[in-house]
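Good morning, and thank you for joining.

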Amino acid sequence: MTLDNKKQIITVDLHNMVKEQAKRYLEQLLNSISINVKEVHIIHGYHSGTTLQNMIQKCLKHPRIKQKIKSFNQGVTILYLK
């Protein structure tokens, strides 16, 4: 996980995680990050399948998530937070 302090953006790489592990990690992250963070860029990849991408875009729910955006890079999803 990396944090861009100027823009308050967190980048998370989920490579090598299975679906349930990634979901639990993201839920814990969203519960613990600062209210000042407004974007989370999630690198999930897509060459090895779309399980993580589908979980994030269709199943991941959290009160802080305002919007989910598919990036121009198919291996990245951006979460805009409240």
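The model is predicted: local features require pLDDT of at least 70 and side-chain atom pairs pLDDT 80 or more, while totals for chains, interfaces and linings use all residues. Residues are numbered from 1 along each chain as its sequence is written, and side-chain values use heavy atoms, leaving out hydrogens and water.

Strand β2 (residues 9–13) pairs with β3 (residues 39–43) in the parallel sense, over five bridges; pairing requires at least two DSSP bridges. Helices (H or I, at least four residues) and strands (E, at least two) are DSSP runs, numbered from the N terminus. From β2 the chain passes through helix α1 (residues 19–32) to β3, a right-handed β-α-β crossover, that is, clockwise from first strand over helix to second with the strands pointing away from the viewer.

Next, the helices. The axes of α1 and α2 (residues 51–59) come within 10 Å and cross at roughly 40°; axes are lines fitted to C-alpha atoms, for helices over the stretch in contact, with angles from 0 to 180 degrees between N-to-C directions. α1 is therefore oblique to α2, since angles under 35 degrees count as roughly parallel, over 145 as roughly antiparallel, 65 to 115 as roughly perpendicular and the rest as oblique.

Finally, β4 (residues 65–70) and β5 (residues 76–81) pair in the antiparallel sense over five bridges. I69 has I78 in β5 as its bridge partner, and a hairpin of five residues joins β4 to β5.
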